Amino acid sequence: MIFLRPQMKKVGRILSSKIGPPLWLLAELTYRCPLQCPYCSNPLEFAQIKNELSTEEWRSVLQQGRALGAAQLGFSGGEPLLRQDLEDLAAEARTLGYYSNLITSGMGLSYERVASLKASGLDHIQLSFQDSDKELNDQIAGSHKAFDKKLEMAQVVKDFDYPMVINFVLHKHNIDHIEPILDLCVRLGADYVELANVQYYGWGLHNRDDLMPSLEQLRHAEKVTQRYREQYKQKMQLIFVVPDYYETRPKGCMNGWGSVFLTVAPDGLALPCHSARDLPITFPDVRTSTLSDIWYGSPGFNQYRGDAWMSEPCRSCSEKEKDFGGCRCQAYLLTGEAGNTDPVCDKSPHHHIIQAAVRKAQVCDKDVVPLLFRNTKNSRDLGVR
C-alpha cells in the first residue's frame with residue numbers, strides 16, 4: 001500500500017513547546033496485500049512482522065485515539081479489506097464520532113462488502129489504480145485481474161453515493177500516460193483525483209532508480225494536469241503531488257513530527273508516521289502503553305518535536321517553521337543520521353545525494369536493476385535489519 005498524506009491545513013503550532021492532540025489516526029490494519037506494487041511504502045521486511053492486533057485491541061486503539069482528540073481515521077495497510085473485522089471497526093469508528101476513510105486497492109471489495117461498509121458507517125473510500133492501461137496496471141499490481149476489478153468497484157462505490165476518490169501513483173513507467181489516466185477519471189465520474197508521484201520510502205526507495213521520472217516527464221505531466229484542472233474545475237478536483245527530489249526545499253513532513261498524525265502499525269507499534277519504524281528509535285507498543293502516554297510522554301514521539309534537536313543549517317534557518325527540517329526518515333535513509341537536514345534541501349551538505357539521483361533519472365541507464373516487486377518471497381530474501 002502507498003499511503004497518501006491527506007490534504008490538511010497547516011497548523012502553526014509545531015515548534016511550540018506545547019504539545020497539542022493528534023488530529024489524524026492512521027490504523028494500518030495489516031501488511032498483507034494481494035498486490036505486489038514495487039513502490040509500496042510498507043517496510044521491506046513486512047513478511048517478518050506478524051502478530052496483528054486483535055479486533056478488541058483495535059477497538060481500544062480507536063477509543064483511546066478519539067479520547068485524545070483525533071477526529072479523522074484512516075484504515076490502511078497493506079490491504080485493509082483482508083481484515084474480516086473491518087466492518088466492526090468501521091461501526092466502532094462511527095459510534096465514536098470519527099470521519100473514517102478506507103484506503104484500498106479495491107481487491108476484496110464486492111457489492112455486498114461495500115453495502116456492509118456503508119451500513120457500518122464508513123464515510124469515505126479512496127480507490128487506487130496503477131494505470132489507465134489494463135496491461136500495465138496489472139503488470140505493476142502483479143495481478144492479471146486487478147484492472148477489471150478496480151473498474152467494477154469504482155462503479156459500485158459510486159452506486160452507494162460515496163465521493164469518487166481515485167489515486168494514481170505516478171512513476172517513470174506510467175507518467176507519460178497522464179492524458180488517458182485523466183480521461184479514465186473523467187469517465188468514472190471522479191470527484192477527487194490524487195496524482196501522487198512516488199515518494200521514496202520502503203519498496204519505493206529500493207526501486208528508486210527504475211521509478212523516478214525525468215524532469216521532462218514531470219513537467220509534461222504537470223502541464224497536462226493543469227489543462228484538465230481548468231477544463232474540469234467544476235466537476236473534478238485534481239491534486240498533483242510532485243516528488244520532493246525535484247524541489248529545493250523539503251516538505252513539511254506530516255505537518256511536523258508528533259504534531260498531527262499518529263500511526264499504529266499492524267503489530268501495535270505506535271509511530272509518528274507510517275515510515276518511522278525504519279529509524280533507529282525504540283517506539284512504544286499500544287499493547288503495553290496507553291496512547292496518551294505514547295503521544296505526550298514517549299521518547300520516540302518527543303525525539304524531534306520543537307527545534308532543540310536541530311543542527312545547522314536548520315537551527316538558524318528562517319524557514320524551519322515551514323518545513324521543520326524536512327523528513328526524518330528521508331534524512332536517515334539517505335545520510336545515515338535522522339537528525340540531519342533532509343538532503344532534499346539545497347542548504348543541506350548532503351544535497352548532492354539528491355542531485356545524483358535526479359541526474360540518473362534524466363538518462364536511460366541500462367545498468368538499472370529491474371523492479372523488485374513487493375511480495376513475501378522478496379521480503380524474506382531482503383532479510384531483516
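Select Arg 287 and Glu 57: their side chains form a salt bridge, N to O 3.1 Å (a side-chain nitrogen of Lys or Arg within 4 Å of a carboxyl oxygen of Asp or Glu). One salt bridge is the count between domain 1 and domain 2.

The model is predicted, so local features need pLDDT of at least 70 and side-chain atom pairs pLDDT 80 or more, while totals for chains, interfaces and linings use all residues. Residues are numbered from 1 along each chain as its sequence is written, and side-chain values use heavy atoms, with hydrogens and water left out.

Next, colour 24-246 as domain 1 and 253-348 as domain 2; the bounds come from an automatic or database domain assignment. Their C-alpha centres are 24 Å apart. Domain 1 puts 26 residues into the contact and domain 2 puts in 25 (heavy atoms within 4.5 Å).

Together the two domains bury about 2,300 Å², with 59% of it on carbon and sulfur atoms (accessible area, 1.4 Å probe, lost on putting the two parts together, summed over both). Show Trp 24, Leu 68 and Tyr 201: they supply 28% of what domain 1 buries against domain 2, more than any other three residues.

Now select β1 (24-28) and α1 (55-68), the elements giving two or more residues to the side of domain 1 that touches domain 2; helices (H or I, at least four residues) and strands (E, at least two) are DSSP runs, numbered from the N terminus. The largest share of that side, six residues, comes from α1.
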